[in-house]
Number of protein chains: 2
Amino acid sequence: MRHFVYDLEKLQNLLLEMAGLVESSIRRSVHALVDRDEEEARAVLQTEGRINRLEMEIDDQAIQLLALQQPMAKDLRFITAAIKINTDLERMGDMAASIAERSLEMAKAGPARMLVDIPRMARLTESMVRRSLDAFVRRDEELARSVLESDDEVDRLRTSMHQALIAQMQQDPAVIPQAVDLLLVTRRLERIADHATNIAEDTLFMVTGVDVRHRVAG
Amino acid sequence: MRHFVYDLEKLQNLLLEMAGLVESSIRRSVHALVDRDEEEARAVLQTEGRINRLEMEIDDQAIQLLALQQPMAKDLRFITAAIKINTDLERMGDMAASIAERSLEMAKAGPARMLVDIPRMARLTESMVRRSLDAFVRRDEELARSVLESDDEVDRLRTSMHQALIAQMQQDPAVIPQAVDLLLVTRRLERIADHATNIAEDTLFMVTGVDVRHRVAG
């Protein structure tokens, strides 16, 4: 039994390690974009390899726990949540890598003004990643709910940035390629926020046993 | 034991039912977009509710199987794959609903030319959804690999449509809002293709026991 508790903790620590890498990748990819910092962009692409290896390690660990320990009830919910969270984290890592790649492309085109407040949106999504994982680890219902609220704020930011970028393209067609790139960056940040929201929902299900997904739609 | 086989089959049938709904939602959402068909768009939004309920039912079923049957090896890999595939299908349903919502917005703006060949991209992604689920159900390695190949084709299509849309915006700034909408629709189709690719990869892992994710990146 002590062995099992140790293994569950190991699984949790691997997820936290992965979340730390994802969080710093988001921050660094946006930094690379804003400051045209190619070195930083390449560092994010290297980190993606580590994130991908961690994803496989976490899956292996979770499946072994299911197979060897035949956990029940609460532990079972923890392990199935871990499998889902693992996938969400890996896809966030993909999004950060994709922002880093975009920043390398944009660096080729030379320096440019930032047309919208990407760093603000990035800070909010980073904080959602951190809070969703903290909520999972501490089984903190309130913290998980705060992530759902932030997701609404991200949606509002995205809509206003979307409108601002379209207006700027119409005023000055020369900025179109760059504005489209930035628009797609805001979509990637929004996807990261969506994944953090999924983690918060899985956490709420794990803690309360109540499925909060699809509250309205379902 | 017979009971267990029956339960596994039930899980599989629920996934197939969900995949069928997702596939038809993709087709109908693109139809709604191209033909400005508001009724079709609303039908897709209604289907999303059914897809979301199925997602919860499938998760329940999978977790119960893990808890009550304590499956080993091959069955365990099947059930964990089912949990992941369930998530992918639900997110594909979100994307189709999002295309349907976009088509309602665009219908308000009145009739418009299609600037790029969205239906072609949609047909390819639909076929990826169908093939990835067929590959999973039949444990068909070759079919799963065909999905990975189609994903490269989707990426090529997306890149060429992206370039065409930017050129058209630069030529005629009046089309910018519509072109941006279509650009985002191509991104949603690309995300659906990515989810189908994830299903194909999970299928290959289940069938071969070899993890084909991150072949290069990892």
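Helix α2 of chain B, residues 38–69, is made of 32 residues and covers 46 Å between its first and last C-alpha atoms, close to the 46 Å expected at 1.5 Å a residue. Helices here are DSSP runs of H or I with at least four residues, strands are runs of E with at least two, and both are numbered from the N terminus. The expected span is 1.5 Å times one less than the number of residues in the helix. Just after α2(B) comes Gln70(B), with a positive phi of about 45°. This is a predicted model, in which local features need pLDDT of at least 70, side-chain atom pairs count only at pLDDT 80 or more, and totals for chains, interfaces and linings use all residues. Residues are numbered from 1 along each chain as its sequence is written, while chains are lettered from A and ligands numbered from 1 in the order in which they are written.

Turning to chain A, its secondary structure amounts to six helices and zero strands. The C-alpha trace spans about 65 × 40 × 20 Å along its principal axes. A compact globule of 218 residues would have a radius of gyration near 17 Å, and chain A, at 19 Å, agrees with that; the radius is taken over C-alpha atoms, and the globule rule is 2.2 Å times the number of residues to the power 0.38. Of the 218 residues in chain A, 44% are buried. Buried means that 20 or more other C-beta atoms lie within 10 Å of a residue's own, exposed means 12 or fewer, and partly exposed is in between, with C-beta atoms placed from the backbone.

Buried residues in α4(A) include Met121(A), Val129(A) and Phe136(A). Just after this helix, Arg139(A) takes a positive phi of about 50°. Leu115(A) sits in the loop between α3 (73–108) and α4 (118–138) of chain A, and it counts as partly exposed because it has 19 C-beta neighbours inside 10 Å. Leaving aside residues up to four places away in sequence, Leu115(A) touches Leu165(A), Gln168(A), Val175(A), Ala179(A) and Leu182(A). A contact means C-beta atoms, placed from the backbone, within 7 Å of each other.

As for the inside, the largest nonpolar core holds 120 residues, and Val22(A) and Val22(B) have the most contacts inside it. Such a core is a set of buried Ala, Val, Leu, Ile, Met, Phe, Trp, Tyr and Cys residues joined through C-beta atoms within 7 Å. Val22(A) touches Ile51(A), Leu89(A), Met92(A), Gly93(A), Ala96(A) and Val129(A), again not counting residues up to four places away in sequence.

Then there is the meeting of the two chains, where 29 residues from chain A and 29 residues from chain B take part. On the chain A side, the elements giving two or more residues are α2 (38–69), α3, α5 (141–171) and α6 (176–208), with α2(A) supplying the largest share, eight residues. The copies meet through the same surface, since 100% of the interface residues of chain A are also interface residues in chain B.
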